[in-house]
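Dear colleague,

I am handing over the structure below, with its sequence, for you to look at alongside your own work. After it I set out what was found, grouped by topic.

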Amino acid sequence: MYLSDKPVYLINGSQILSADSNEALQYSPDSARKGTIAYSIISSHNTSGDEISLKLKFDALTSHDITYVGIIQTALASGIEKFPIPYVLTNCHNSLCAVGGTINEDDHVFGLSAAQRFGGIYVPPHLAVIHQFMREMYAGCGKMILGSDSHTRYGALGTMAIGEGGPELVKQLLSKTYDVKYPPVIMVYLEGAPRNGVGPHDVALALVGAVFSSGFAKNCILEFVGPGVKNLSADSRCGIDVMTTETTCLSSIWETDETIHQYYKTHGRADAYKKLSPASVAYYDKLIKINLSEISPMIALPFHPSNVYTIDEFNANAADILRKVEIDAKDSISANYILTDKVSKQGVKVTQGVVAGCSGGTFENIAAVADIVSKYGSGCADFTLDVYPQSQPVYYALNKNMITNTLMQAGAIMKTAFCGPCFGAGDVPANNTLSIRHTTRNFPNREGSKPSGGQAAGVALMDARSIAATAASGGYITSAEKLDIDYSKYDYEFNGEIYNKKVYSGFNSPDSKAKLITGPNIIPWPEIPTLADNLVVYAASVLTDDVTTTDELIPSGETSSYRSNPLGLAEFTLSRKDPKYVERAKNCKKMYDTFRSSGLDEISEIIKTANLEGSVSIGSFIYANKPGDGSAREQAASCQRVLGGWANIAKEYATKRYRSNCINWGMLPFIYDGDFTFEIGDAVVVKNVKSKLLALDNDFDAIVIRGAEVYNITLKLPAITKEEAAIIKSGCLMNFYKGL
């Protein structure tokens, strides 16, 4: 794989030309920038009249049952009357209804009632995972879709899709815009064809491994072009595309061809297709060149999709590599996680294989698994193989081709469309074991283990083909390239009647008389205070890892059942990373309440020391080097906010969406690039914070009070817009729309 951070031109779809070459002097960068597919789609959705400062309106929205209740509650508090564009409410995360009594199904009932009242589309549990439903029913060439799940990616189908926090969907529901600077566009030039046994996850993991750590693709658009595209099926393209989220890019788009045309025909939506390709001259800010024929079966070890090795390299050096993961476990999850005991002369033994979700549960992936296990078997009792088709129509096609029977006969367990194995709500592995999965992520504890309970487990990501090969090897990690097998060709038939009979389609038919049905766990947002003249915040957590994921800020798994209860969910904030955070944050919030009611000596002394005049906001902040990698979940920010959080301080933010979540929940996303080292309990005082914020100042002089010591530092707030400043001043997006 070749990476270049220098601009290039693509000439006639095939010739790559360095922008600083003599031959390139004949071309205009400004004109050629408009030759990308990305530009053609973005410009048609931009309402600002400014090609740099974009104000985008989307064609459709989508959420699942972890996020849509909070989004609708926020929209309600902001005055919504109906959904102005198609809004799809899927139910693929809290589908099991196994935790907390009635609360998960209560959310589903609420979702259906909201679709009826406001004119939405409601997809019942187990019918489809969010992204497969959107691929099948709402993607379209040249469209843009916004989703409240970070893996909202439909670029392979010609749709530019973005995963964001819930408040950004609220803006669209209120007919507002998604505001962003025009992003850099990276050409991903594909050539060659995958070797037998190499699947889409192998290509995706190789890409993530090559670009993540350097931030090469951060907040960019990846545009896939080149002769290798035609050598990938639609399923394979979608499987690679959905994993681009793990590069931290903003979005993705692919050139389209007859393969994608046939996809839309198969799904009864031929009119959703149009040919998308770069103009004869197109300018790109960076280049990634991938020869598909050089990609080998890959494995991403705990605790990140970028921790990649070829399976052959891993098996040759397993003891050394796993020892490094053990050391990382002590640093990242404070757990004595033993992996080297899984190495023997036979290989590295794992106990569980899972193929599931938006990346793994495709028709072609599951068919390939069936081909392997029908010939070689699926292991024995100490290795389980679970398969989750990503939608009921996919399940139907598997049944019609007898693939399901083949898998069951070989010992695989067939399950329904569900995202749980990807975020720790299904197939949680046993303590001190390693699970291999064709899913999207393997962050610390995301698989469901709880360090506070003395538990440690991990997930390694692999392609479905190599997972099946591992099953055939009795649970010893094996590359699918080691197998002698000819993969079958199956006819895929999409049965749309499955959706016609079960999906509630109410767009353009809102019923204002329909009653919203709320169960006892569906709690409105608490009152959020507006920003005062000055700010005093205490460090409630100091996180020193290179990257802090949203899974660490607010864990997934069983906590998902409380996503409709802001205060209940907040109790889980940082519970697997810093269990004392909640108590510290609450104590800081009590300081504010006490000071507001009767004064507080400690705060009075700080006001005197800092010479503060006017009102004072008092609360907590989190310091992290690089927070926000991973999920789009707004709760990573909202949970801090309802506990009295007023700021994050970071060296940088891992993703735009997490920074946006902080802003939309009224928290100042400060940058600190100095040498001062924060400690828990430090008081940071920012004088005249509101006036400086509204003036869009970049530098905020602050003092840190630690006991009797006082330190001067400068916090930065770069690239804040006028509207973002107004949202923070209001305390949160809801307050902003209320005019507070």
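**Aromatic rings**

Phe700 is buried, as its relative accessible area is 0% (buried means under 20% relative accessible area, exposed over 50%, and partly exposed in between, with a 1.4 Å probe and protein chains only). Please keep in mind that this is a predicted model, in which local features need pLDDT of at least 70 and side-chain atom pairs count only at pLDDT 80 or more, while totals for chains, interfaces and linings use all residues. Residues are numbered from 1 along each chain as its sequence is written, and side-chain values use heavy atoms, with hydrogens and water left out.

Phe670 is likewise buried, with a relative accessible area of 1%. The ring centres of Phe670 and Phe700 are 5.5 Å apart and their planes stand at 65°, so this pair is edge-to-face (rings of Phe, Tyr and Trp, the last by its six-membered ring, pair if their centres lie within 6.5 Å; planes under 30 degrees apart count as stacked, over 60 as edge-to-face and the rest as tilted). Distant parts of the chain are linked by this pair, since Phe670 belongs to strand β31 and Phe700 to strand β33 (residues 699–706), 30 residues apart; helices (H or I, at least four residues) and strands (E, at least two) are DSSP runs, numbered from the N terminus.

By the ring rule the count comes to 25 aromatic pairs. One of them joins Trp525 and Trp665, whose ring centres are 4.4 Å apart with planes at 50°, so the pair is tilted. This pair, too, links distant parts of the chain: Trp525 is in the loop between β25 (504–505) and β26 (534–543), and Trp665 is in the loop between α24 (656–664) and β31 (668–671), 140 residues apart. Trp525 counts as buried at 15% relative accessibility, and Trp665 counts as buried at 2%. Ring pairs also connect Phe621, Tyr623, Tyr672, Phe676, Phe678 and Tyr711 into a cluster.

The order β1-β15-β11-β12-β13 describes an open sheet of five strands with mixed pairing (two strands pair if DSSP finds at least two bridges between them). At its edges stand β1 (2–4) and β13 (251–254), each with a single partner strand, so one side of each is left without a neighbour in the sheet. From one strand to the next, the twist averages 15° (axes are lines fitted to C-alpha atoms, for helices over the stretch in contact, and angles run from 0 to 180 degrees between N-to-C directions). β1 pairs with strand β15 (residues 286–291) in the antiparallel sense over three bridges, and Ser4 stands opposite Leu287 in β15. Helix α7 (residues 200–211) packs on this sheet and touches β1, β12 (221–225) and β15, with its direction at about 140° to that of β15; contact here means heavy atoms within 4.5 Å.

Another open sheet has three strands in the order β3-β2-β14, with antiparallel pairing. Its edges are β3 (15–18) and β14 (281–284), each with a single partner strand, so one side of each is left without a neighbour in the sheet. The twist there averages 25° from one strand to the next. Strand β2 (residues 8–11) is joined to β3 by four bridges, the two running antiparallel, and Val8 has Ser18 in β3 as its bridge partner. In the loop between β2 and β3 lies Asn12, which has a positive phi of about 55° although it is not a glycine, and which is exposed with a relative accessible area of 58%.

**A helix pair and some single residues**

Helix α13 (residues 363–376) and helix α14 (residues 392–400) have axes that come within 10 Å and cross at roughly 35°. The contact is made by Phe363, Ile366 and Ala367 of α13 together with Val394, Ala397 and Leu398 of α14.

Tyr39 has its place in helix α2 (residues 37–45) and counts as buried at 14% relative accessibility. Leaving aside residues up to four places away in sequence, Tyr39 touches Arg33, Lys34, Glu51 and Tyr182.

Finally, the peptide bond from Pro302 to Phe303 is cis, with omega near 10°, and Phe303 lies in the loop between β16 (298–300) and β17 (308–310).
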